[in-house]
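Hi,

Here's the structure I promised to pass on.

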Amino acid sequence: MLKHRGFPGRLPSTDHQFVIRRANKKGATKIIRRERFKDRAAMDRKADEGFMAALWNYFGEEPFERGNLDAGRISWLFGREVVAAEDPFDPESYEALLKIDRRRAESSFPEVFADPGAFDWDENDEDDWD
């Protein structure tokens with residue numbers, strides 16, 4: 001499993017994780033499309049925005065390997081702002097390629113694209129897991 005060094009481990013000052021520590025012995029958790037309803041908690045919406053900001057700052061428009069990115073967090077964006085970058089796509093593979101659909105991401109999270117430095121990723125907040 002590829003570990004994205006330098007990628008934020010979580011949303012600062014929360015328990016909303018962005019990466020996992022180690023591969024699951026039973027295999028990668030399946031990436032699914034989760035519905036985001038309007039009545040979601042503000043912190044959940046902020047975690048989505050923070051994760052999108054981290055993805056955009058780290059990968060930009062280039063395809064990226066899932067690696068140690070949290071499947072649950074990806075699933076909140078999958079099929080909309082984050083899409084499969086390969087066909088066939090294996091949603092249960094750590095090597096699966098994804099990419100940001102910039103048009104949809106910018107529409108959903110305009111603050112991320114208006115001010116790329118909006119999130120203050122404190123280097124002490126980053127988890128450097130081996």
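Glu 49 makes a salt bridge with Lys 46, with the closest N and O atoms 3.8 Å apart (a salt bridge being a side-chain nitrogen of Lys or Arg within 4 Å of a carboxyl oxygen of Asp or Glu). Both sit in helix α1, 3 residues apart, about one turn of the helix (helices are DSSP runs of H or I, at least four residues, numbered from the N terminus). Glu 49 is buried at 13% relative accessibility, while Lys 46 is partly exposed at 36% (buried is under 20% relative accessible area, exposed over 50%, partly exposed in between, with a 1.4 Å probe and protein chains only).

Before you read on: this is a predicted model, where local features need pLDDT of at least 70 and side-chain atom pairs 80 or more, while totals for chains, interfaces and linings use all residues. Residues are numbered from 1 along each chain as its sequence is written, and side-chain values use heavy atoms, without hydrogens or water.

Asp 48 also pairs up, forming a salt bridge with Arg 73 at 3.0 Å between the closest N and O atoms. That one links distant parts of the chain, from α1 to helix α2, 25 residues apart, and both partners are buried. Arg 36, Arg 80 and Glu 81 form a salt-bridge network, and the whole structure has 8 salt bridges.

As for Leu 69, leaving aside neighbours within four places in sequence, its contacts (heavy atoms within 4.5 Å) include Phe 7, Leu 55 and Phe 64.

Cheers

Conventions:
Helices (H or I, at least four residues) and strands (E, at least two) are DSSP runs, numbered from the N terminus.
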